[in-house]
Amino acid sequence: MTDYLGYRGKACVITGAASGMARALTELLVDLGAEVYAIDRVDSPVPGVKQSFIADLGDQASIDALFTQLPARFDAFFGVAGLAGVHTSFLDTMTVNYTANKYITDTYLTERLNEGGSIAYVTSAGGLRWEFPEIREELAEFTDAAADWDTLVERTRAFDERHGGELAGFVGYMLSKRALNLFVAERVERFAAKQVRINAVLPSMTATGMLGDFAEQRGGMDNLKAASTGPAGRLAEPLDMARALVFLGSDLAGFISGVFLDVDYGMNALELAGVNPMRTRWTFADTLAKRAS
Ligand SMILES: NC(=O)c1ccc[n+]([C@@H]2O[C@H](COP(=O)([O-])OP(=O)(O)OC[C@H]3O[C@@H](n4cnc5c(N)ncnc54)[C@H](O)[C@@H]3O)[C@@H](O)[C@H]2O)c1
């Protein structure tokens, strides 16, 4: 049988592998014969992984130590780990969800991914509309190729102060997801030169470890389900996202780079068609100013 997906014997690095989408992805890739390197801040209990690492993506030194232990070259990187931003600060949420991914990508992935390799991040439907100029403008300081870890932390703090200080973790969530989408678009050419593809999956609400936090933020599970159950008639499951990630990282997606894959069973399509209102076309400047007044 032809191995159309092409994962057999391929080295795949996955962050967030202890739970939710990344755990489901880890299980699929192990089953497809990949050598999986599983990373999380807690132990990743998936049988069959090549190696499991505990690392804190909120800490630059921990990431640097991790990359001394990972293989010198690998074939796929899946940046899935994240925080919901409900019980974490604006800075911590932005650091884990965005800064860690930018730092890993700019510092390590350019040199360590094999030709034909793939990078895929999980961003969010919450990061939609990043492409509108007035929104992109608010993100550019974070995707700046010259900005290192400390600069990004400084800019995140300054963004908070500029908008009145004490921004909620959930604002950090939205900022991180929008910025990561723009980052993907801006890095397409650099990675194409290395024959490496870079893409994002944008999930709708998914029943993972984060669901309780999101429900709390939206005033309870009933409210969350009413607002987040689209044409599918159900919330997404971790496996729905894992399958999309498997596809994007596979040989079947060999000419796909710079794609923002809505895994939402048509929810964004309904907004784009004007059937449902476009919920996320707002700038931070406008929204946070309104909130403050
Ligand atoms: N669940 C949803 O509805 C939803 C919707 C859109 C996007 N997302 C995104 O999906 C991705 C996966 O989340 P999930 O829904 O599977 O949630 P999850 O909570 O089940 O998994 C997230 C994983 O990230 C790990 N993690 C968090 N902080 C870390 C750190 N500092 N260092 C290392 N690992 C860390 C956690 O330990 C956990 O295993 C996240 O980026 C999230 O923002 C989730």
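These legends describe close-up views of a predicted model. Local features need pLDDT of at least 70, side-chain atom pairs count only at pLDDT 80 or more, and totals for chains, interfaces and linings use all residues. Residues are numbered from 1 along each chain as its sequence is written, and side-chain values use heavy atoms, with hydrogens and water left out.

**View 1. A salt bridge joins D106 and R190.** The N to O distance is 3.2 Å. A salt bridge here is a side-chain nitrogen of Lys or Arg within 4 Å of a carboxyl oxygen of Asp or Glu. D106 sits in helix α3 (residues 90-112) and R190 in helix α6 (residues 169-192), 84 residues apart. Helices are DSSP runs of H or I, at least four residues, and strands are runs of E, at least two, numbered from the N terminus. D106 is buried at 18% relative accessibility; R190 is partly exposed at 32%. Buried means under 20% relative accessible area, exposed over 50%, partly exposed in between (1.4 Å probe, protein chains only).

**View 2. E186 and R187 meet in a salt bridge.** Their N to O distance is 3.9 Å. E186 is partly exposed at 38%, whereas R187 is buried at 4%.

**View 3. R279 pairs with E271.** This salt bridge spans 2.9 Å, N to O. R279 is exposed at 51% relative accessibility; E271 is buried at 8%. The count by this rule is twelve salt bridges.
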